[in-house]
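Thanks for asking me to take a look at this one.

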Amino acid sequence: MAHLPLHGIRVVDLTGVWAGTFATMLLADLGAEVIKQENPYLMQPNTRGRRAHLTKAMLQGGTAWGSGYPNNEPGPRPWNYCPTFVQLYRNKRSFTVDIRGPEGMDILRRLIAKSDVVMENSAPGVMEKLGITYEWLQGIKPDIIFARMPAYGSSGPYRDGRAMGVHLESMIGHALLRGYPDLDPSNSTATFVADYTAGTQAALAVMMALWHRRQTNRGQLIELSQAESAVPMMAQALMDWSLNQHLQSAIGNRSLDGAAPCGVYPCRSPGTPEDSGDHWIAITVGSDRQWEALRKLMGDPEWARSGDLVTAEARAQRQDLLDARLAEWTADCDDYELMHRLQAAGIAAAPVLEASRALDDPQVLARDLYQPQRIYDDVGVYKYMTPFYRFSETPTGIHKPPVAFGEDNEYVYKEVIGVSDGEYARLRAAGHIRMDFDESVP
Amino acid sequence: MPGPLADLTILDLTEYIAGPYATKLLADYGANVIKLERPGGDPSRGLGPFKGNSKHAERSGTFFYFNTNKRSLVLDLRAPEGRQVFLRLLDGADIVVESFRPGVLDRLGVGWDAVHARKPSAPLVSITNFGQTGPYREFRASELVLFGFAGEMYSMGGQDRAPVKMYGTAAQVESGSAAASAILGAAMVGKWQGVGQRVDFSLAESHLLGVDRRHATVIGYQFSGRKTQRRAGAGVALGGVYPCADGYVELAGGAWFDRVIEMLGNPAWLRDPKWLDPVAQTDPALIEEFEGHFYEWLLARTRREVLREALQARAICAPMFTVDELFDDPHFIARGLWARAEHAELGAFAIPGRPFLMSDSPWELRRPAPLLGQHTAEVLREAGYSEGEVQALAQRHIVEVR
């Protein structure tokens, strides 16, 4: 039986928030042993939650993804089941140590001596203040791979800048390239592409460094600026400026490549009257032949027969009209039923899916994308997302449900680091080994 | 210093955006990526923007960006002899990556069975819209359809308007970025353990199971019964998009509001502890009070002035720049983000360079995106074909030599 690609690789995970924890999750999915270091006396906001200690009032009115805690209660240990982050802790180990003093740093040093990779995504300066530098790591393990993911990079005028994904996208130009063409950007909703691209590419960079180490026996320092990793999402706009000095602007849901019609159109869907409105189908007509097929599906209405609509170029000039007419046609249709009719005719279409409906989607069910898990703090059994890697011979999956804060303290201290029972008891008494954040942490 | 992947050879049959971006990331770090193009080329050669705005297969900016550091070989896989050429190239390769609809490669006779029989250690990575199985496996997709269905589009925009997507092909770039690690993972198992395998990578799943919020809305709904609402902003109290003297900035208050107070110069009106109370922060009256002062502060400052004060106070507040401003930005210039490309049809121009820095095996623009069939003869000679054989294949239109 073949092993997962990163079998035998140990990663010390010093990351927080979203991009870093996503990167280490991918490495864990691919077989690495990822050991997440946590500190009972410090919580970077937006790591395992907006804050450690929550009241019910703080959750009121918030979004599903930010404030949708189990049964709308913060519960005894909210950091273990924050909806934004909980799933990123699957397949990982977690242990606690306070690394603000020499005793904790010694524990970290002993762990690093038995590891292959160290990853972090704090603001520049934070690791240095703790004494964690590439040189220090090399002194412990000469072939160590150290991956750092600062927001803007460790050099340059913005190196001290703090940001989340949405701010990086503002800086690099995505915010002004998306949204409604007739409204200002304050009408847009935040996206977090930079978290996605930084997480996937940091995992990729570490894999490349492991590949390199296998050939050369050398480790290295990786630096990924989260802002820079997200720049390729605007490739066409960048190339348009670089080649033509043409500045693109937001075009909403329309196609960069002139496919027309291309948009989202109102639909009905089953449910209570309250739920059945506000549903939309996304449709892209990618060729003249597909336009012909769409005309037929609509029953070849008078307006669609116009010679003005035969070619994509001509349709692109009349998109307001097309959108209005199509919306009249789709308004009485069920979104899923219409998807099947359009796809059968060779036209790209699917509902713009509200999240709760994703759980019942036939494709999602057929591929078993969400699987029931019970986490350490038993808040109930829910369906958690699975890895997006589908390998036939080295299958990935959830081999360990999302790990609770400090859940693997015994394993990491005793089996990995080699701490004796006596030393373990002493470190526990000194406050390093816990399964909760200290009351002093907000 | 060579890139880390110099000993990895990839036969790349992918087209359009996601697959080519995945293999570009690997090619940019040294992998030997042989792009096998159908006669006429990857259809993304027909995607704009084009240099000078006139459509031309060698002047696509999109094709250029997603295909740097690759070599192009034009091969007709519909011909039996084309299949033989593919199998001979496979002898010298480590992995095959493709993005045809499920079943197409099998029908061409170069699917999993053929690959595995010829080279048992070689993985076959298939990148498709919805995956190799399930009721949607044959479905068509577009950027809009993909992001609408699998991404978090439903939540984006205003409640009284239709949902609105991200820019261009941003969702497919996210997917390609994820697919690169699937390819390299499979290559590790192939090269290090001698085990080839099929990898079924679905663009839709890279969003349903990725981190741009969809994963969190699905679990958050199950936890709490909360459905997704469409509303503007970032969901951070005392934050969002605000106008300033010459444009807009994006601010995060919330848990970081202490730094906003510092950025604003610790004024008297911000001394009340209510400003740091997470419940009070969501009170509309408090937000109105904040904005009354904040607009005044912002409108007296340009985006660059706001940025300077945000950096000093370590506040989370970023200007919204345009793409031309990004090219001219002193930070990214100082860091060396931009690379200089040269191309026979496009001339010399700047492109975004390394996505990340590697101290011992750096990124390098070794060659521009290939012209169609530019390396057909070169690659065939490396595979042991004689000059005469190459010419004969070209004459029979099995390959195209530039």
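**Notes on the model**

1. Let me start inside chain B. Strand β5 (residues 124-128) of chain B is largely enclosed by the rest of the structure, because 5 of its 5 residues are buried. Here "buried" means that 20 or more other C-beta atoms, placed from the backbone, lie within 10 Å of the residue's own; 12 or fewer makes a residue exposed, and anything in between is partly exposed. Strands (E, at least two residues) and helices (H or I, at least four) are DSSP runs, numbered from the N terminus. Both faces of β5(B) are covered, with Leu124(B), Ser126(B) and Thr128(B) on one side and Val125(B) and Ile127(B) on the other.

2. A word on what you are viewing: this is a predicted model, in which local features need pLDDT of at least 70 and side-chain atom pairs count only at pLDDT 80 or more, while totals for chains, interfaces and linings use all residues. Residues are numbered from 1 along each chain as its sequence is written, and chains are lettered from A and ligands numbered from 1 in the order in which they are written.

3. Stepping back, chain B holds 16 helices and 13 strands, and 58% of its 402 residues are buried. Its domain assignment gives domain 1 (9-211 + 339-400) and domain 2 (240-320); such bounds come from an automatic or database assignment. The centres of these two domains of chain B, taken over C-alpha atoms, are 45 Å apart.

4. Now the interface. In all, 129 residues of chain B are in contact with 142 residues of chain A, where contact means C-beta atoms, placed from the backbone, within 7 Å. Helix α7 (residues 170-193) of chain B gives the most to chain B's side, with 14 residues. That side divides into 76 nonpolar, 34 polar and 19 charged residues. Ala, Val, Leu, Ile, Met, Phe, Trp, Tyr, Cys and Pro count as nonpolar, Asp, Glu, Lys and Arg as charged, and the others, Gly among them, as polar.

5. Do have a look at Ile222(A). Strand β6 (residues 220-223) of chain A runs antiparallel to strand β12 (residues 357-358) of chain B, joined by 2 bridges, and Ile222(A) has Met358(B) as its bridge partner. Beyond its neighbours within four places in sequence, the contacts of Ile222(A) include Val206(A), Phe356(B) and Leu357(B).

6. Ile222(A) turns up again in the largest nonpolar core: of its 264 residues, Val206(A), Ile222(A), Leu26(B) and Ile183(B) touch the most other members. Such a core is a set of buried Ala, Val, Leu, Ile, Met, Phe, Trp, Tyr and Cys residues joined through C-beta atoms within 7 Å. Helix α8 (residues 193-216) of chain A provides the largest share of this core, 14 residues.

7. Lastly, chain A has an open, antiparallel sheet of 3 strands in the order β7-β8-β9. β7 (262-267) and β9 (348-352) of chain A stand at the edges with a single partner strand each, so one side of each is left without a neighbour in the sheet.

Technical notes. Contact = placed C-beta atoms within 7 Å. Pairing = 2+ DSSP bridges.
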